[in-house]
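Please open the model in a viewer and keep the selection panel at hand. The stops below proceed from ring pairs to a pocket and then to the whole chain.

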Amino acid sequence: MTTKNTMDLGEFQFLSGETIPSLEVAYETYGEFTGDNAVLVCHALTGSAHVARRPDAGGETAGQARAWWGDVVGPGKAIDTSEYYVVCANAPGSCYGTTGPSSENPETGEPYGTDFPPVTVGDWTRTQRALLDELGVGRLHAVVGGSVGGMNVLDWLRRFPDDVDRAGAVATAARLDPQCLALDTVARRAITADPNWNGGHYYGVSANDESGGSSDSSDSGSEPVDGLARARQIGHIMYLSKASMSRKFGRRSAGREAVREEPPDPAAAFFPYREVESYLDYQADKFVDRFDANSYLYMTRAMDDFDLSAGYESDADALAAFEGELLLLSFTGDWHFTVEQAEVLADACRTAGVEVAHHVVESDHGHDAFLVEPEKVGPPLSELLEMGLEGRTITDTESESDEPESFAPVHTSLFSK
């Protein structure tokens, strides 16, 4: 059984202290709830509630062409919806059905734009807790998520430690490092520097409306698509590794059928239009058709703001109240959230007395590995849900060796000299 629905949680106060009169949450559920089999899945930066394939989805949900983790979640999959009651909710600030900047403010009748309150990962967690309460779900068998969704998982463990038996935090860390903070900053500047951003109030504004006032026009030329496209291209570079980019593109020129983005600089025609350029342009074009620029600002700021130790003496202190089991999955080719960062988090768990396993996956796909290599991600997650950290495919860096160098490969940033 699957459901796709929205839940009005009523008035909601964000951790910033600001309040909105109504918070609607888009969510999907899969499987039957038996009272102790609920699994919450937390989506990544631009994901939606559409985590698994649904028979009635018609190939598309909320602008997403396919389920974002359809090879991991579903009947007979690692997170088996014939056994578990899986819930996935779109985070506040996003644009896939949950209230965010593009939603109508009931007090004004206009989209919120940047009048929408600042959103944090903690607000996502509190929203999910409120939704689960409405669904009749108390304690979770497990909470699982990847990337910033993994940060969402960690926030569950510090905010509601008594509500979770098992947790899977995939390709994530206790906080972003300065390089990723810097790249997210540049991505946001690309959006806010777009002339069509209009201070975040571009909804329904005509491209030729110099006053910046409201208009009935829905001309896409009035939206900051160029800035959003550049931001997404920066993101895609962050998600790939050097090895995967070399394998996919090399320095090859794109085929004759590839069309260079216009208008090029005058000298561009002299130089080849490379496959890597064509790929980035294609991904940007797809993305601007399905995502909102303001939501990109809000979601990246929430990710950048997250710090597991905030309000605590340390990461270990933040996790000390959690008495369940935590599986950390990291990927050797991921320089966005590195193996080293995951090991620091695992050490914090060990210091706190939290049962943890840090399972390192050999992969050269970069950060995207948790999405594109289900055959490596699925087995340890499946065993975590079924039997906990005793699963035979689950490994732990501490048990493998006392020498950290044995599991921590050297990571070279795409931007290193």
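Begin by selecting the aromatic side chains of this predicted model: a search of the whole structure finds 15 aromatic pairs. Select Trp68 and Trp69 next; their ring centres are 5.4 Å apart and their planes meet at 10°, so this pair is stacked. Trp68 and Trp69 are both buried. Then move to Phe287 and Tyr296, where the ring centres are 5.8 Å apart and the planes stand at 80°, so the pair is edge-to-face. Phe287 is buried, as is Tyr296. To complete the aromatic stop, select Phe12, Phe14, Tyr112, Phe116 and Tyr298, which form one aromatic cluster.

The next stop is the largest pocket, with a volume of about 990 Å³. Centre the view on Arg66, Arg232, His236, Arg290 and Leu371, which lie nearest the pocket centre among its 36 lining residues. Which helices each supply at least two residues of this lining? Colour H4 (225–239), H5 (242–248), H6 (275–288) and H10 (369–372) to display them. Helix H6 provides the largest share, four residues. Colouring the lining by residue class gives 15 nonpolar, twelve polar and nine charged residues.

Finally, zoom out and show the chain as a cartoon, in which twelve helices and twelve strands can be traced. Of its 417 residues, 54% count as buried. Among contacts with a separation of 6 or more, 71% join residues 24 or more positions apart.

Definitions and conventions
Residues numbered from 1 in each chain as written. Predicted model: local features only at pLDDT ≥ 70, side-chain atom pairs only at ≥ 80, totals over all residues. Heavy atoms only, no water. 1 Å grid on protein atoms, 1.4 Å probe; cavity = no way out; pocket = protein on both sides within 12 Å on 5 of 7 lines; lining within 4 Å. Points joined across faces, edges and corners; volume = space filled by probe spheres on them. Nonpolar A, V, L, I, M, F, W, Y, C, P; charged D, E, K, R; others polar. Buried < 20%, exposed > 50% of the residue type's maximum accessible area, 1.4 Å probe, protein only. Contact = heavy atoms within 4.5 Å. Phe/Tyr/Trp six-rings, centres within 6.5 Å; stacked < 30°, edge-to-face > 60°.
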